[in-house]
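Colleague: Please take a close look at one part of this model for me. I would like the salt bridges and the helix packing around them.

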Amino acid sequence: MTVSDLTTETPTAPRPTAPVRVAVVDDHESVRLGIQAACQNEGFEVILTAAGVQEFVENLAGREVDVVVLDLSLGDGSTVTENVKRVQATGSAVLVHSIADRVASVREALAAGAAGVIPKSSATKTVMAAVATVARGDVLNNLEWASAIDADRDFAKAQLGRREREILHLYASGLPLKLAAQQLGIGYSTAREYLDRIRVKYVEVGRPAPTKVDLLRRAVEDGILPGLDADGGDGR
């Protein structure tokens with residue numbers, strides 16, 4: 001057997017998988033250090049830690065981050081929506097890290113586009129699993145938070161006015177918006193404004209409804225319409 005034969009028979013080593021790149025934004029140093037250590041033990045690459053989103057943005061210096069573990073309430077006067085959107089603007093997914101009694105703020109974070117929420121009471125291995133899930137671009141199925149949100153009536157149900165419910169009922173039932181407006185004795189532009197407000201309200205409670213089929217589902221879920229088959233049509 002020749003040297004070339006030996007070389008041919010040697011298996012090619014698999015390419016190493018790039019580590020998950022993480023940043024931590026929390027105004028408590030002990031939390032930042034704890035998550036940083038856990039991430040490093042997990043084999044993740046911690047790009048940076050910061051006490052606020054402004055500090056995170058300023059120190060990022062063009063580096064890419066897969067997931068930012070973001071404290072829900074930073075105590076610096078910034079809003080949840082502002083923080084989530086500023087982090088997303090850097091190209092990173094947002095995993096919100098929060099105490100378990102701030103359901104309204106969780107609702108706001110999810111509506112702003114956070115990829116998931118993990119309670120601060122969670123075990124370290126659970127937090128690391130959530131980081132990995134969000135880094136892959138997968139949906140974070142968090143039963144604990146789902147239960148908390150479902151128990152919050154303000155989150156579970158959009159607060160629609162009478163006219164908004166009437167428009168939703170007619171439009172989601174299949175009536176063109178122009179005809180729905182005529183039936184209610186209002187102008188088309190007014191009906192469009194109602195519909196836009198309905199969509200905004202559903203986004204605010206974390207249940208977006210961009211298509212007509214989505215609106216039908218929301219109307220059924222909220223008891224505005226009886227259970228109907230929402231699978232027909234293209235939803236546009």
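**A salt bridge and its surroundings**

Glu164 and Arg197 form a salt bridge, with 3.1 Å between the closest N and O atoms. The two residues come from distant parts of the chain: Glu164 sits in helix H9, Arg197 in helix H11 (residues 188–204), and 33 residues separate them. Note that this is a predicted model. Glu164 has 3% relative accessibility, so Glu164 counts as buried, the cut-off being under 20%. Arg197 has a relative accessible area of 41% and is partly exposed.

Stay with H9. Helix H9 covers residues 162–172, and helix H10 covers residues 177–184. The two pack at an angle of about 130°, their axes 9 Å apart. That angle makes H9 oblique to H10. The crossing of H9 past H10 is right-handed. On the H9 side, the contact uses Arg163, Glu166, Ile167, Leu170 and Tyr171. On the H10 side, Leu177, Ala180, Gln183 and Leu184 meet them. By class, this contact of H9 with H10 has six nonpolar residues, one polar and two charged.

Now the wider set of bridges. The whole structure holds nine salt bridges. One of them joins the side chains of Asp66 and Arg21, at 2.9 Å from N to O. Asp66 lies in the loop between helix H3 (53–60) and strand S3 (67–71), while Arg21 belongs to strand S1 (residues 21–25), so this pair ties together parts that are 45 residues apart in sequence. Asp66 is partly exposed, at 23% relative accessibility. Arg21 is partly exposed too, at 25% relative accessibility.

Another bridge pairs Lys120 with Asp71, the closest N and O atoms being 3.2 Å apart. Lys120 is in the loop between strand S5 (116–119) and helix H6 (124–135), and Asp71 is in strand S3, so the pair ties together parts 49 residues apart in sequence. Lys120 is partly exposed, with a relative accessible area of 28%. Asp71 is buried, with a relative accessible area of 4%.

Back to the pair we began with, for the link to a network. Glu164 in helix H9 and Arg197 in helix H11 link parts 33 residues apart. Elsewhere, salt bridges with shared partners join Arg21, Glu64 and Asp66 into one network.

Terms used
Residues numbered from 1 in each chain as written. Predicted model: local features only at pLDDT ≥ 70, side-chain atom pairs only at ≥ 80, totals over all residues. Heavy atoms only, no water. Axes fitted to C-alpha atoms, helices over the stretch in contact; angles between N-to-C directions. Helix = DSSP H or I, 4+ residues; strand = E, 2+ residues; numbered from the N terminus. Parallel < 35°, antiparallel > 145°, perpendicular 65-115°, else oblique. Left-handed = near helix turned anticlockwise from the far one by under 90°. Contact = heavy atoms within 4.5 Å. Nonpolar A, V, L, I, M, F, W, Y, C, P; charged D, E, K, R; others polar. Salt bridge = Lys/Arg side-chain N within 4 Å of Asp/Glu carboxyl O. Buried < 20%, exposed > 50% of the residue type's maximum accessible area, 1.4 Å probe, protein only.
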